[in-house]
Amino acid sequence: MAKERVTVCLPPCDPGDVVRAITAAMAPFDYNRDVGVGDPDVETWWDYWQIDGRGCEFLVVAGHEDDPRLIRGAKALSGEPRNVPPSLCDGGPRALLDLETPRARAAARARRAFEAWQEFASAYPPGRAFGDFRARHFADPESYSQVQAVEDYRAQPVIAAFLDNPELEEVVGGDPIARLSGDLAPLVRHAMDAALPSNALLTLEGHWLDVANAERRRYFSDYLVGLPADAYAVRVLYHG
């Protein structure tokens with residue numbers, strides 16, 4: 001049992017009808033639903049939900065912060081009131097959601113990390129990713145321990161210098177040889193794809209998609225960006 005967030009996509013509707021529309025869209029996945037003859041089995045289910053995008057709210061397109069079509073959940077699960085800044089919302093028509101700024105920021109961070117690592121690593125002999133050492137350990141754990149694998153990885157000049165540079169580590173992130181030694185373009189696309197998804201997506205067609213890997217994140221991102229301008233996307237917290 002866990003609390004996660006699904007992004008529910010809805011056809012154009014009046015803001016006052018959004019809760020009712022979400023209720024209808026979520027109904028096939030209700031743990032307590034009455035299953036009829038011929039109804040499809042579903043693996044995903046919930047037993048309660050509410051509108052609450054805390055931690056993954058949408059940015060609002062600048063200049064539209066007061067648009068009455070925007071959706072902001074009033075309370076947290078605890079009953080405490082939520083104070084959602086005007087620049088953020090839990091959902092609204094796709095045209096009012098700034099989907100490009102988070103993607104652009106993620107792309108910029110990925111480029112900075114890539115360029116910083118490439119410049120730094122060029123001053124040292126090429127290193128090997130930790131995965132290489134870990135694979136050797138798994139292949140022969142008795143004679144090559146995990147402790148030894150970690151020690152050998154960290155003893156590489158480029159990694160030893162990197163671990164001694166916390167400011168660079170903050171920019172670059174962990175396991176830089178594995179992450180940042182390939183081409184820039186896939187790295188940037190991967191970062192952009194990770195900027196928008198919640199744990200799951202409920203499409204306009206009624207399909208529930210758990211977002212658990214890079215392929216699903218790409219689908220989520222492309223689907224959300226491609227929604228009709230007047231279709232709604234709403235972050236919903238559910239327990240399931």
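Predicted model: local features only at pLDDT ≥ 70, side-chain atom pairs only at ≥ 80, totals over all residues.

Contact here means heavy atoms within 4.5 Å, and a residue is buried when its relative accessible area is under 20%.

Helix α2 covers residues 100-121.

Alanine 110 gives an example from within helix α2. Its relative accessibility is 9%, so alanine 110 counts as buried. Setting aside residues up to four places away in sequence, alanine 110 touches Leu187, Val188 and Ala191. Tryptophan 208, by contrast, is 98 residues from alanine 110 in sequence, and their C-alpha atoms are 29 Å apart in space.

The next topic is the nonpolar core. The largest one has 26 residues, and those with the most contacts inside it are Trp117, Phe120, Val158 and Leu180. Two or more residues of this core come from each of α2, α3 (130-139), α4 (146-155), α5 (157-163), α6, α7 and α8. Helix α2 gives the largest share, eight residues. What does valine 158 contact, leaving aside its neighbours within four places in sequence? Its partners are Trp117, Phe120, Ala121, Tyr124, Pro125, Gly127 and Ile177.

Helix α9 comprises residues 214-225, twelve in number, and reaches 17 Å from its first C-alpha to its last, close to the 16 Å expected at 1.5 Å a residue. Its buried residues are Phe220, Ser221, Tyr223 and Leu224. Around the axis they cover an arc of only 165 degrees, which means that they lie on the same side of α9. At the start of α9, a side-chain oxygen of asparagine 213 comes within 3.2 Å of the backbone nitrogen of glutamate 215.

Strand β1 is largely enclosed by the rest of the structure, because six of its eight residues are buried. Its pairing with β8 is antiparallel and runs over eight bridges; in that pairing, leucine 10 has tyrosine 232 of β8 as its bridge partner. With β6, strand β1 runs parallel, and three bridges join the two. There, threonine 7 has leucine 201 of β6 as its bridge partner.

A last point concerns the backbone of one loop. Most residues other than glycine have a negative phi. Aspartate 175 is not a glycine, yet it has a positive phi of about 45 degrees. Where does aspartate 175 lie? Aspartate 175 is in the loop between α6 (166-172) and α7 (176-180). With a relative accessible area of 31%, aspartate 175 is partly exposed.

Key:
Residues numbered from 1 in each chain as written. Heavy atoms only, no water. Helix = DSSP H or I, 4+ residues; strand = E, 2+ residues; numbered from the N terminus. Expected span 1.5 Å × (residues − 1). Buried < 20%, exposed > 50% of the residue type's maximum accessible area, 1.4 Å probe, protein only. Arc of directions from axis to C-beta. Polar contact = N/O pair within 3.5 Å; in protein donor to acceptor, adjacent residues only side chain to side chain. Pairing = 2+ DSSP bridges. Core = buried A, V, L, I, M, F, W, Y, C linked by side-chain atoms within 4.5 Å.
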